[in-house]
Amino acid sequence: MTLRHRPIPRLGAQSGGHGGSLSLAGSKIAWFNTVERRSEDGAMKVISPAGLDGAGRARLSGARPDLCGLSLDRPRVMGIVNVTPDSFSDGGDYARAEVALGRAREMVAEGVDIIDIGGESTRPGAEEVPVAEEIARSVPVIAAIRAAGIATPISIDTRKAAVAEAALDAGANIVNDVAAFSFDPELAALCASRDVPVVLMHAQGLPADMQNNPAYGDVVAEVLGFLEGRIAYAVGQGVARERIITDPGIGFGKTQEHNLALLANLSSFHDLGLPVLLGASRKRFIGAIGNAPDAKDRLGGSLAVALHGAAQGVQIVRVHDTSATIQALRLFAALNGAGEGDG
Ligand code: HH2
């Protein structure tokens, strides 16, 4: 990326100014009338939307394509169901298929937009789960959700093509890959041939060792550059660009300082021109800053980060505490002049 743009997010009634104002990444809540433009040598200039060329305007402001029929003009909630014995905050809670189905039903009743099913923990220090085991955990839950007549979009949280394939066959609609197609060489081609939306997330290192001294020069620039590279790779493998969702990968090979820098600069990720997903729910930095050593005590901090993401125009928040997050986002929308009412 030779030039980087950070639109300064604003909320509430839109007001123009000299160079006009634009919706932030298609949001009906967040907008901007100022952009920080940074060149490769670090020099920064503040410009108005009038100073953007057509492509820059489209990247920073254009409506994102619908995701499985969901318009992305306001933040959507992805509810997490980890069908694992060892996830960092809900490990063991939904390890049995019928309990996981119960949690999915509950989330749907609360109004969740997407259900994210995972059969492998990627918490710091986690070891890889064999494919057969990951399939045996996640696929029956997806099949049970569909057999129960629930039509809510489902994402499969996996790095592996065989797992993704079985999950898509059972009724999943989206592939969520925390390795951004760098773990399994077959996954990109599978997603291309199935023409499904994919989440490409940044991580430095593998879960087993990613928190052993993660280091960056400029974390925001490097994560952006990585995602740009993975988007190009995916497109090269036949994935349609408009099917890609990006994710800075909070907590994946990052210190607290790195996480905070990425969160402070979330709106920079709109410069990729694609939807942005934020997954910060209950993560370690929330416990550290919020003085909540137990991951299940991190609701307050998780809501604060989800609302921060909404204010920065992110299109999807991936969370454990779906009911409270949906309630918070409804109030956030109403307070900023965009009530719900359209499903
Ligand atoms: N975080 C986790 C797992 N999958 N996917 C995306 N796209 N973004 C994330 O930030 C993300 C993710 C880790 O959280 P969790 O699923 O709660 O824990 P575990 O990996 O221990 O199952």
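The shell around the ligand has six nonpolar, seven polar and five charged residues. Here Ala, Val, Leu, Ile, Met, Phe, Trp, Tyr, Cys and Pro count as nonpolar, Asp, Glu, Lys and Arg as charged, and the others, Gly among them, as polar. The model is predicted: local features need pLDDT of at least 70, side-chain atom pairs count only at pLDDT 80 or more, and totals for chains, interfaces and linings use all residues. Residues are numbered from 1 along each chain as its sequence is written, and side-chain values use heavy atoms, with hydrogens and water left out.

**Around the ligand**

- Of the 18 residues around the ligand, Ser87, Ser121, Asp247, Lys283 and His320 come nearest (a residue is near if one of its heavy atoms lies within 4 Å).
- Serine 121 places a polar side-chain atom 2.7 Å from a ligand oxygen.
- The side chain of arginine 318 has an N or O atom 2.7 Å from an oxygen atom of the ligand.
- Glycine 279 uses its backbone: an N or O atom there lies 3.1 Å from a ligand oxygen.
- Taken alone, the ligand exposes 480 Å², and the protein buries 99% of that (areas by the Shrake-Rupley method with a 1.4 Å probe).

**The eight-strand sheet**

- Eight strands form an open sheet with parallel pairing, in the order S12-S11-S10-S9-S8-S7-S14-S13.
- Strands are DSSP runs (E, at least two residues), numbered from the N terminus, and two strands pair if DSSP finds at least two bridges between them.
- Strand S12 (244–247) and strand S13 (277–278) stand at the edges with a single partner strand each, so one side of each has no neighbour in the sheet.
- Strand S11 (residues 198–201) runs parallel to S12, joined by four bridges.
- Leucine 200 stands opposite threonine 246 in S12.

**The three-strand sheet**

- Three strands form an open, antiparallel sheet in the order S2-S4-S3.
- Strand S2 (10–11) and strand S3 (22–23) are the edges; each has a single partner strand, so one side of each is left without a neighbour in the sheet.
- Two bridges join S2 to strand S4 (residues 30–32), and these two run antiparallel.
- Arginine 10 has tryptophan 31 in S4 as its bridge partner.

Conventions. Polar contact = N/O pair within 3.5 Å; in protein donor to acceptor, adjacent residues only side chain to side chain.
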